[in-house]
Each structure stands twice: as C-alpha cells, then as structure tokens.
Amino acid sequence: MLDRCGRTIDYLRLSVTDLCNYRCRYCMPEEGVPKRRHADMLTLEELTEIAAACVACGVKKIRLTGGEPLVRRGIVELCRALRAIPGLEELCLTTNGALLPQLAAPLRQAGVDRLNISLDTLRPDRFAAMTRTGTLQNTLDGIRAAEEAGFHHLKFDTVLIGGFNDDEIEALAGLTLEHPWEVRFIELMPMGPCAGWDKSCFLSGEEVLKRLPTLQEIPSQGVARRYRLPGAAGTVGLISPMSHEFCAQCRRIRVTADGKLKGCLHSAEELSLRGLHGQALLDAIAQGIAQKPLRHHLTSGGSDTARTMNEIGG
Ligand code: SAM
Ligand code: SF4
C-alpha cells in the first residue's frame with residue numbers, strides 16, 4: 001500500500017511487550033517502566049489478528065520487537081501463528097540475546113527467518129555497566145545458540161556512543177571477517193533517558209568510515225548503507241537517522257504492545273487498533289498508512305513522541 005508521499009509500506013515492526021530484562025542506560029530508566037495492566041496489552045490473538053490485517057494491507061515483512069520480545073510469554077506460539085499468515089514473506093525478531101540459549105531452536109522451528117541481536121560492546125565490564133542487569137557471556141551464549149539453531153546470517157545492532165564504544169569500532173567490525181554476519185552501527189537518537197546526554201555521546205556514522213578506511217561500499221536495500229572489509233565474509237552497515245535522514249525511503253509502520261499504530265517512531269500521532277475487527281481494522285490500518293508523517297524532526301526539534309524506545313520498539 002502507498003502512503004500519501006508515494007512510499008510503499010510493506011514492513012511492520014510489531015512490539016510484543018514494553019518490558020525488558022535489561023535496563024540499557026540510553027533506552028530505559030533504572031527502575032524499569034511502570035508495569036501496564038495486563039488487560040491493556042494486546043493478547044497473542046489480537047497481535048496475530050492485527051498482523052494478518054497488516055499483511056492484507058500490503059505488509060510483507062514483520063519484525064517482532066519490544067522491550068525484549070523474548071520475555072513475552074507465548075512468544076514461540078506467536079511466531080508460529082504469524083508465520084502461518086498467507087502472504088507474509090519474512091518474519092524477523094530483534095533481541096538482546098539473553099534468552100536465546102533457551103529459545104533460539106524453538107524460534108527457528110516456529111519459522112522465524114532472521115534474528116538481529118543487539119551488541120554494543122565486546123567488553124564484559126562495559127556490557128554490564130550499559131545494560132545494568134546483563135552479562136556479555138549470556139549474549140555470546142545466545143549468539144552460539146542462534147548459530148546452532150540455523151540462524152547463519154545474523155545481524156548485530158551496535159548503537160554508537162561517544163566515550164563508550166567508539167574505541168571498539170574496529171573490533172566489532174572485525175567480527176565480519178570470518179562470519180557471514182552484518183554488524184550495523186546505529187546513530188544514537190536523543191529520546192528517553194539519553195535525550196539530555198552530552199553531545200559528545202552522539203557520533204555520526206561517518207566516524208566508522210574514518211576508523212575503517214578500507215571499507216568498500218556495496219549495494220544496499222533499505223535504510224542501511226552497506227560496506228565490506230577487504231576479504232570479509234560478512235558486511236558492515238551504517239544506520240544514520242541523524243546524519244543521513246532516510247525518511248524518504250522508510251517503508252515501515254509500527255504497532256505498540258498496547259495496540260497503537262504509529263506511522264513513525266518519532267511521531268506523537270497514534271491510532272488505536274484495539275477492539276477493531278474485519279473491515280474496520282483494515283480501514284484503520286489504511287488510514288494510519290495514509291497519514292504516515294513525511295519525516296522526523298530529530299535534528300531540528302527532537303523526537304515528538306513522549307514514549308521511550310522500549311515502549312515503541314526500536
Ligand atoms: N530489546 C531488544 C534489543 O535490545 O535488541 C529489542 C528492542 S530495542 C528498543 C531495539 C533497538 O533499539 C536496540 O538495538 C537498541 O540498541 C536500540 N535503541 C534503543 N534506544 C536507542 C536510541 N536512543 N537510539 C538508537 N537506538 C536505540
Ligand atoms: Fe531492553 Fe533492548 Fe532497551 Fe536494552 S535496548 S533496555 S535490551 S529494550
């Protein structure tokens with residue numbers, strides 16, 4: 001389906017919970033988020049019904065996110081139900097990896113096609129300090145479990161943070177030398193807890209190109225610019241919402257765990273899908289797509305949404 005600027009919308013990011021087992025300093029407050037009433041969250045049946053309606057409106061790819069999607073009870077059953085939606089071409093999931101040792105194989109069996117794993121640092125002390133509750137070893141065990149389960153083309157999402165992990169750009173990109181993985185460096189967006197951080201924390205993706213002068217650009221689809229280190233099995237991606245706004249190429253809509261359709265991560269506009277069924281649900285999704293904002297205002301006025309990242313799904 002086309003939005004009002006002619007963009008094809010075929011990608012749904014579906015948040016299945018705003019809860020998380022980590023408390024990453026840039027994403028969530030230390031005390032976590034106030035627990036929403038169970039009754040306010042979409043049930044597994046509602047998530048499936050909304051996903052199927054989005055597919056009927058032209059969505060071909062769904063990414064499950066959160067919060068941490070793997071803490072949602074019934075996540076494997078949900079994946080199985082989503083994979084059975086006729087017309088859905090790809091089911092992906094973004095995770096911090098902590099629960100992959102138990103869940104990677106069941107998720108693969110349920111039909112999940114691809115995993116993105118967040119990995120901001122390869123140093124155990126930094127990992128513990130940034131996530132507040134996580135250990136690097138847990139995520140490394142999760143990566144091994146994902147490979148063993150058959151997820152071979154893993155993507156790693158690394159938020160670039162000045163003074164925290166900019167001295168690890170070479171080491172993180174080095175993971176692609178021997179594995180068919182993609183390490184994607186993402187510019188930190190000023191929202192939620194990090195909105196007031198010092199400007200030295202906000203690095204441009206160009207920093208990666210400066211540190212890795214041998215990177216060779218390769219063709220890319222989607223919002224990431226893609227590169228390869230000479231002779232590498234995998235690739236390096238740059239996702240630069242701040243320095244290289246990609247709104248004109250954005251194909252996404254989002255649905256939050258409490259059932260609000262959002263045309264843009266940073267927009268305050270939300271359309272409630274809860275309680276809608278059949279044609280009314282299809283009409284609401286079509287309306288949400290039609291009203292997708294032209295662009296975000298991150299670099300001019302900041303994010304317009306009052307939600308934190310874990311409440312929308314990054
Ligand atoms: N819990 C899962 C995870 O961490 O992969 C999925 C949800 S998390 C909100 C999705 C992605 O958003 C993660 O890669 C995280 O690093 C990223 N993220 C969170 N806050 C961000 C911010 N302010 N700027 C850029 N990326 C952010
Ligand atoms: Fe949790 Fe992901 Fe946010 Fe970290 S980035 S606190 S893992 S939702």
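This is a predicted model: local features need pLDDT of at least 70, side-chain atom pairs count only at pLDDT 80 or more; totals for chains, interfaces and linings use all residues.
Trainee: Which residue meets Arg-211 in a salt bridge?

Mentor: Residues are numbered from 1 along each chain as its sequence is written, and side-chain values use heavy atoms, leaving out hydrogens and water. A salt bridge here is a side-chain nitrogen of Lys or Arg within 4 Å of a carboxyl oxygen of Asp or Glu. At 3.4 Å from N to O, the side chain that meets Arg-211 is that of Glu-207.

Trainee: Is Glu-207 buried or exposed?

Mentor: Buried means under 20% relative accessible area, exposed over 50%, and partly exposed in between (1.4 Å probe, protein chains only). Arg-211 has 29% and counts as partly exposed. Glu-207 has 18% relative accessibility, so Glu-207 counts as buried.

Trainee: Which residues are linked with Glu-207 in a network of salt bridges?

Mentor: Good one to look up in the structure. Arg-211 belongs to this network. Along with Glu-207, the linked residues are Arg-211, Asp-166 and Lys-210.

Trainee: How many residues apart are Asp-10 and Arg-251?

Mentor: Asp-10 forms a salt bridge with Arg-251, with the closest N and O atoms 2.9 Å apart. The pair links distant parts of the chain: Asp-10 is in the segment before strand S1 (11–15), and Arg-251 is in the loop between strands S9 (235–239) and S10 (252–255). Strands are DSSP runs (E, at least two residues), numbered from the N terminus. The separation is 241 residues.

Definitions and conventions
Chains are lettered from A and ligands numbered from 1 in the order in which they are written. Helices (H or I, at least four residues) and strands (E, at least two) are DSSP runs, numbered from the N terminus.
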